[in-house]
Amino acid sequence: MRRAAFGLGLAVAALVALLLVRAAGLRTRQVKPPAAHPIAVDSFAAAERLAEAIRVPTISREDGPAPDSLFARLHATLARAFPRVHRQLRRETVGSSLLFTWPGTDPSLPAILLTGHLDVVPIDSASEARWTHPPFGGVIADGFVWGRGALDDKGSVLAILEAVEVLLAEGFAPAHTILLAFGHDEEISGREGAKRLAALIAARGTRVDWVLDEGGTITSGIVPGIAAPVAVVGIAEKGYLNLELIASDPGGHSSTPPAHTAIGRLARAIRRIEDRPFPARVAGATGALLAYAAPEMSLPLRLAMANLWLFEGPVLARFAGDPRSAAAVRTTAAVTIVSGGTKANVLPTEARAIVNFRTLPGDSAATVVSAVRRAVDDSAVMVRALPDPIEASPVSSPESTGYRAVATTIRQVYPGTVVAPYLVIGATDARYYVGLTPTVLRFAPGLETADSPPRIHGTDERVGLSEHAHAIRFYAQLIRNATR
């Protein structure tokens with residue numbers, strides 16, 4: 001017995017030693033940047049220009065984007081605000097979208113594409129009264145620019161244009177051609193905006209090195225085990241699929257109901273979907289996030305991340321325990337619309353539900369449909385995919401020149417920030433540019449904390465004057481880093 005206990009003790013000690021050695025062996029993947037180029041920004045003047053753009057309500061609604069006349073007004077606003085950009089770059093209007101071309105000094109080099117969108121989401125009528133300032137007032141107060149689009153995404157578009165305007169004033173000439181592509185309907189799928197812009201660039205045979213769109217941001221207090229701010233750069237985004245469930249029944253009078261009405265069958269089908277979530281896994285962009293974040297974590301978490309062969313189960317359980325992080329490790333399902341029945345004493349002949357799926361890279365629309373049909377397992381409930389699903393994007397390499405340029409710039413402009421790749425949960429215009437280059441990245445400067453209210457698409461959307469000035473410095477430094 002003693003010999004067995006001694007042997008077990010040795011085995012446990014060896015295992016602990018192995019775990020600690022693997023944790024200690026993790027090496028930082030953070031780039032060591034050179035000093036940033038000093039960039040002077042008049043933060044209040046830049047805020048005024050952003051505020052003027054916010055005052056043009058380019059709202060995309062479910063039935064379509066804002067009228068062309070509103071986008072023409074916004075285009076004219078930008079032309080007044082950025083005279084050098086409009087004088088020295090070639091500007092093209094594609095529908096209501098904009099494409100700027102800044103020719104590089106070396107035509108043999110591939111272009112770099114910076115993109116954003118000009119449209120914004122509507123204001124919920126029930127929440128409008130709760131706004132501190134009118135959502136399209138473009139008010140500058142208390143150190144912020146207030147209004148719809150300050151963060152999503154006019155703030156980024158204006159910061160890019162500000163950066164180019166500053167560089168032109170300095171006489172900077174990029175070696176690579178710089179393309180600025182600003183779609184007008186991202187909030188309702190981007191099919192008339194970014195999709196057409198990408199097709200135009202492809203049709204011209206333009207070689208693109210890498211693309212940067214919105215997506216990730218700088219977080220504080222969100223990534224566990226890391227006290228420093230963490231900038232997350234999207235290297236992939238989830239897919240999008242809507243499934244329709246239709247339960248049918250002969251109907252009749254409610255006084256003689258069957259065991260399960262159409263609504264009951266539908267409810268059972270929904271419950272089966274919710275009770276059978278897609279399997280969680282650490283892979284792709286989420287695996288890259290852990291690889292880049294782990295060396296910067298405190299010891300207990302670093303030990304777990306360095307030994308996923310042993311701790312993958314608990315790590316996945318922790319991810320799955322919070323809806324915000326669960327979405328990073330599995331394909332998700334959300335029942336968003338349910339309808340059925342017309343009168344209290346009439347059995348419905350049909351009940352219908354829409355289930356929205358966000359697919360993890362590696363899953364597809366076809367695999368989701370197949371899995372849902374197996375889960376529902378009811379011949380009286382039809383399962384069909386609604387038109388225009390969006391497949392999950394390919395995963396870009398965090399070893400690419402584009403990722404390294406973005407990571408270097410973040411660490412120059414935001415010293416001490418940890419940079420890590422990650423999976424973008426929502427959908428962006430970036431998906432339309434994946435055919436141009438293997439490197440499509442998603443990051444826009446900004447700060448999100450664990451207790452931040454949901455200002456993107458929410459009430460009191462705003463951006464700080466200093467935050468906007470830093471975004472301008474980020475894009476100016478990025479262009480310098482990427483095109484010298």
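**Entry 1, the cavity lining.** I began with the lining of the largest cavity and sorted its residues by class, which gave seven nonpolar, three polar and three charged. I keep in mind throughout that this is a predicted model. The lining comprises 13 residues, and those that lie nearest the centre of the cavity are Thr115, Ser156, Ile160, Leu212 and Tyr475. I then looked up which elements contribute, and found that at least two lining residues each come from strand S3 (111–117), helix H5 (154–169), strand S7 (208–220) and strand S16 (440–449).

As a reminder to myself, a probe the size of a water molecule, rolled over the atoms, shows where empty space is left.

Going through the backbone torsions, I found that the peptide bond leading from aspartate 152 to aspartate 153 is cis, its omega being near 5°. I placed aspartate 153 in the loop that runs between strand S5 (144–146) and H5. H5 is also one of the elements that I had listed for the cavity lining, where it supplies at least two residues.

I next looked for positive phi in residues other than glycine, and noted aspartate 142, where phi is near 60°. Aspartate 142 sits in the loop between strand S4 (139–141) and S5. Is aspartate 142 buried or exposed? Its relative accessible area is 64%, so I recorded aspartate 142 as exposed.

Aspartate 377 is likewise not a glycine, and I read a positive phi of about 50° for it. Its place is in the loop between helix H12 (365–376) and strand S14 (381–385).

Finally I turned to helix H9 (residues 299–306) and helix H10 (residues 308–320), whose axes come within 7 Å of each other and cross at roughly 115°. Which residues meet where H9 and H10 are in contact? From H9 I listed Leu301, Leu303, Ala304, Met305 and Ala306, and from H10 I listed Leu308, Phe311, Val315 and Arg318. Sorted by class, this contact holds eight nonpolar residues, no polar residues and one charged residue.

Note on methods:
Residues are numbered from 1 along each chain as its sequence is written. This is a predicted model: local features need pLDDT of at least 70, side-chain atom pairs count only at pLDDT 80 or more; totals for chains, interfaces and linings use all residues. Side-chain values use heavy atoms; hydrogens and water are left out. Axes are lines fitted to C-alpha atoms, for helices over the stretch in contact, and angles run from 0 to 180 degrees between N-to-C directions. Helices (H or I, at least four residues) and strands (E, at least two) are DSSP runs, numbered from the N terminus. Contact means heavy atoms within 4.5 Å. Ala, Val, Leu, Ile, Met, Phe, Trp, Tyr, Cys and Pro count as nonpolar, Asp, Glu, Lys and Arg as charged, and the others, Gly among them, as polar. On a 1 Å grid over the protein atoms alone, a cavity is a set of points where a 1.4 Å probe fits but cannot get out, and a pocket is an open set with protein on both sides within 12 Å along at least five of seven lines; lining residues have an atom within 4 Å of a point. Buried means under 20% relative accessible area, exposed over 50%, partly exposed in between (1.4 Å probe, protein chains only).
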